[in-house]
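Take a look at the structure first.

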Amino acid sequence: MTSTIAPEDHSPEEAPAVAHEGLEARAAVAERRRGFLLGLPAMVYLTLLFVLPFFIVGVYSFATRSATGSTRLSDWNIDSYVKLFDPLVVGIVWRSFWIASLTTVICLVVAYPFAYYIATRSRAARNVLLVFVMIPFWSNFLIRTYAWRFLLGSDGPIAQASEALGLGTIRVLFTPVAVAIGLIYGFLPFMILPLYAAIERMDWRLVEAARDLYADGWTAFRKVTLPLTKSGILAGSLLVFVPSFGAYVTPEILGGAKTVMLGSYVVRQFQQARNWPFGSALSIVIMIIMLVALIARQRSGAREL
Amino acid sequence: MRFGIRPGSTLERAMAGNAWFVYAFFYAPIITLVIFSFNASSRVGIWGGLSTTWYANIFRNPEVWDALKNSLVVAAVSTVVSTIIGTAAALAIDRYRFRGDRTLDGILYLPIIIPDVTMAVMMLLFFARIFAFVDSFGPRLSLGLGTIALSHIAFNISFVAVVVRARLGQLDKSLEEAARDLYAGPWETFRRVTLPLIMPGVLGGALLALTLSLDDVVVTAFVAGPGSTTLPVYVFGLVRRGVSPEINALSTVMLVASIALVAGSLLVQRGPGRTSDLAHELAQE
């Protein structure tokens with residue numbers, strides 16, 4: 001952002017470029033240094049408290065658990081990774097995967113028409129409708145999950161109402177269904193917001209053009225709207241799938257002994273089981289799934305361009 | 001036909017129905033919980049008349065107050081620090097080309113999507129190693145409010161940076177160029193032009209950081225020492241033991257606090273239109 005002080009006329013070609021070359025180069029260096037200094041605190045902080053811890057987890061996953069439960073950073077081995085293929089662990093990973101997938105698909109199916117609907121209202125209505133999505137987005141996740149524990153409990157309002165109406169008892173709490181409900185409830189705003197953003201900034205003239213060229217409503221949606229909102233679909237799916245896959249609070253509150261998910265299993269390795277190397281290896285699995293999801297999104301996004 | 005769907009058509013009505021269903025799904029559980037927090041009966045699902053006993057109980061409980069105090073201290077510290085670092089990072093990435101800018105951009109996105117269990121494990125092992133290293137020189141460090149605040153800053157920087165960047169992206173750069181043309185130095189331009197313009201974004205980011213810090217359970221539980229329990233960790237401990245009318249009351253108080261924060265955020269950001277910035281940024285990243 002160097003400003004050459006040109007008199008009267010402002011045509012850049014006539015600025016005495018040669019005389020200012022050294023000055024401009026120096027200004028460019030100063031600019032780069034300024035940017036670097038501004039970014040430096042975040043870079044240092046995240047290197048120390050994010051990147052470095054990431055590698056420490058990697059190192060721990062090859063360490064040895066002693067008989068007392070403490071971790072010995074020696075006798076490096078891959079026992080923790082071998083243990084990942086234990087049928088019990090494979091079962092937990094598989095359960096986490098399908099519950100997270102189910103959550104993502106249901107969120108997408110519900111959120112797409114919802115986001116489409118609010119994004120196509122008048123500006124004033126849109127703002128009000130959006131605020132009522134932001135409130136659950138900003139509300140305490142733990143409390144929102146607890147609300148379902150309260151609702152679905154054997155002594156809760158739903159059970160009482162169904163008993164009073166003679167519908168018998170409904171057992172949902174501590175099943176995968178309860179966990180999925182809790183995850184959908186928790187993460188639905190994370191699907192709605194990117195979808196809303198993508199639909200809102202769409203150029204509707206393109207849909208009109210498709211209709212003018214005799215595409216029926218469905219074809220226009222499939223060939224124009226859907227590809228144009230793909231970034232929102234991908235972003236929302238990522239923001240729902242990854243946290244659901246590693247979820248801990250929700251399965252812990254709404255799930256039972258038979259619905260253990262990966263997140264809870266990891267915590268158990270650090271608390272009750274005291275097997276840090278194995279807990280680290282399990283964390284690495286979550287990170288790999290996260291990176292695969294990120295790369296998958298990056299690539300399908302790149303193809304679009 | 002502007003939006004491709006005819007007003008009043010069956011499809012539009014179905015979408016309106018879906019929208020009302022989503023709102024009911026969002027609010028029915030919360031509202032039920034709030035109503036039953038005033039239930040006099042100790043059997044939580046049966047209505048036994050109005051009462052504020054449970055509120056009196058939680059406000060008399062010293063554990064609640066201690067946990068709240070810890071939460072507020074950690075949230076205040078982590079919000080201030082992460083807002084400064086995050087805003088600087090957003091400015092750096094949005095305005096400058098420098099060595100490592102793409103790396104910083106990439107790393108900044110990860111704490112947003114990483115599941116909190118993974119983040120918790122990373123923080124625990126990090127502090128375990130650091131402590132083992134420092135202890136070998138003499139001083140004895142331990143987990144506590146300090147480690148909780150350091151961990152919260154680690155994930156909050158990214159959220160602040162995202163919100164501030166959304167705001168920076170909408171700025172008219174010619175205003176800053178005009179200031180520079182009028183001989184304002186870089187610092188003066190920042191203080192008098194850029195900062196006032198991005199202030200709504202900075203405050204929005206700070207409020208998001210504050211909320212996330214006040215909500216966090218998993219990371220905090222991993223890096224908390226004895227006596228440094230925060231409010232969500234305390235509530236989580238109660239919730240695991242089952243449903244109780246006291247938790248209902250405490251939940252209501254926390255929900256009201258969250259909603260007050262959203263209202264505050266909408267006010268400082270002047271209109272809910274700004275809240276969609278975050279949505280746009282999440283969609284683009």
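What follows covers the interface and then the salt bridges.

This is a predicted model, where local features need pLDDT of at least 70, side-chain atom pairs count only at pLDDT 80 or more, and totals for chains, interfaces and linings use all residues. Residues are numbered from 1 along each chain as its sequence is written, chains are lettered from A and ligands numbered from 1 in the order written, and side-chain values use heavy atoms, leaving out hydrogens and water.

Let's start where the chains meet. Chain B brings 103 residues to the contact and chain A brings 102 (contact means heavy atoms within 4.5 Å). About 9,500 Å² is buried between them, with carbon and sulfur atoms giving 76%; buried area is the accessible area (1.4 Å probe) that two parts lose on being put together, summed over both. Three salt bridges cross this interface.

A salt bridge here is a side-chain nitrogen of Lys or Arg within 4 Å of a carboxyl oxygen of Asp or Glu. Over all chains, the search finds 12. Here are some of them:

| Pair | Closest N to O |
|---|---|
| A:Arg121 and B:Glu12 | 3.1 Å |
| A:Asp75 and A:Arg72 | 2.8 Å |
| B:Arg95 and B:Glu176 | 2.3 Å |

B:Arg95 sits in helix α3 and B:Glu176 in helix α7 of chain B, so their pairing ties together parts that are 81 residues apart in sequence (helices are DSSP runs of H or I, at least four residues, numbered from the N terminus). B:Asp94 joins these two in a network of salt bridges.

Notes: Helix = DSSP H or I, 4+ residues; strand = E, 2+ residues; numbered from the N terminus.
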